[in-house]
Amino acid sequence: MSIGLKNEFGTIDISNDVIAQVAGGAAVECYGIVGMASRHQIRDGLTDILRKENFTRGVIVRSIGEDLHIDMYVIVGYGVKISEVAYQVQSKVKYTLSKQLGMTVSSVNIFVQGVRVTNL
């Protein structure tokens, strides 16, 4: 699947995998995020933290009409306020997709798949 953007020069098709990579990269830069998790934890393994090349397994991009919805599966660090981390991830993903790809996102849904103790 891809999302098409039209301008005065023509049409640009952006793949859902590209959107997922950009969104996942923005999310892991946020404070409190240990990494991205798979949306199918039981099938893929409970302890997997996804690497950069596998962000598409932890991010779902849905396009409903003109609206763009993103579901993200994350692992947070122990001792952080989950609601604040989720809010920061939502804000950063919306901002990054707006600046890098020129897309407006209707919703960013955060699903916390686990909590990990990290060495600071």
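Visitor: How many salt bridges does a search of the whole structure find?

Guide: The general idea comes first: side chains of opposite charge can pair when their charged atoms come close. The model before us is predicted, and a search of the whole structure finds two salt bridges. In one of them, the side chains of Lys 92 and Glu 29 meet, with 3.0 Å from N to O. That pair links distant parts of the chain, with Lys 92 in helix 3 and Glu 29 in the loop between helix 1 (16–28) and strand 3 (33–36), 63 residues apart. Another salt bridge joins Asp 71 to Arg 62, whose closest N and O atoms are 3.2 Å apart.

Visitor: Let us turn to the fold. How many helices and strands does the protein chain have, and what pattern do they follow along the sequence?

Guide: The protein chain has three helices and six strands. Read along the sequence, they give the pattern β-β-α-β-α-β-β-α-β. Of the chain's 120 residues, 39% count as buried.

Visitor: Which residues of helix 3 are buried, and where do they fall when seen down the axis?

Guide: The general rule is that an α-helix has 3.6 residues a turn, so residues three or four places apart point the same way. In helix 3 the buried residues are Val 85, Ala 86, Val 89, Val 93, Thr 96, Leu 97 and Leu 101. Seen down the axis, these buried residues fall within an arc of 100°, so they line one face of the helix. The face turned away from the buried side carries the exposed residues Tyr 95 and Lys 99.

Visitor: What of Gln 90, and where is its place?

Guide: Gln 90 is in helix 3 as well. It is partly exposed, with a relative accessible area of 27%. Gln 90 and Val 105 are 15 residues apart in sequence, and their C-alpha atoms are 9.8 Å apart in space.

Visitor: How are aromatic rings to be read? How many aromatic pairs does a search of the whole structure find?

Guide: One reads the distance between the ring centres together with the angle between the planes. The search of the whole structure finds one aromatic pair. The pair is formed by Tyr 73 and Phe 111 and is stacked, with 4.9 Å centre to centre and 15° between the planes. Planes under 30 degrees apart count as stacked, which is why the angle settles the reading.

Visitor: Which parts of the chain does the pair tie together?

Guide: Tyr 73 lies in strand 5 (residues 67–77) and Phe 111 in strand 6, so the pair ties together parts that are 38 residues apart in sequence. Tyr 73 counts as buried, at 13% relative accessibility. Phe 111, at 34%, counts as partly exposed.

Visitor: Finally, which residues form a nonpolar patch on the surface?

Guide: The nonpolar patch is formed by Tyr 78, Ile 82, Val 112, Val 115 and Val 117, with about 510 Å² of accessible area together. A residue must have over 30% relative accessible area to belong to a patch. Val 112, in strand 6 (residues 107–116), is partly exposed at 34%. Ile 82 lies in helix 3 and is partly exposed at 38%. The C-alpha atoms of Ile 82 and Ile 33 are separated by 9.6 Å, while the two residues are 49 residues apart along the chain.

Technical notes:
Residues are numbered from 1 along each chain as its sequence is written. This is a predicted model: local features need pLDDT of at least 70, side-chain atom pairs count only at pLDDT 80 or more; totals for chains, interfaces and linings use all residues. Side-chain values use heavy atoms; hydrogens and water are left out. Patches are made of residues with over 30% relative accessible area and no salt bridge: like charges are joined within 9 Å, nonpolar side chains (Val, Leu, Ile, Met, Phe, Trp, Tyr) within 5 Å. Accessible areas come from the Shrake-Rupley method with a 1.4 Å probe; for residues, only the protein chains shown count as cover. A salt bridge is a side-chain nitrogen of Lys or Arg within 4 Å of a carboxyl oxygen of Asp or Glu. Helices (H or I, at least four residues) and strands (E, at least two) are DSSP runs, numbered from the N terminus. Buried means under 20% relative accessible area, exposed over 50%, partly exposed in between (1.4 Å probe, protein chains only). Rings of Phe, Tyr and Trp (its six-membered ring) pair if their centres lie within 6.5 Å; planes under 30 degrees apart count as stacked, over 60 as edge-to-face and the rest as tilted. The arc is that of the directions from the helix axis to the C-beta atoms.
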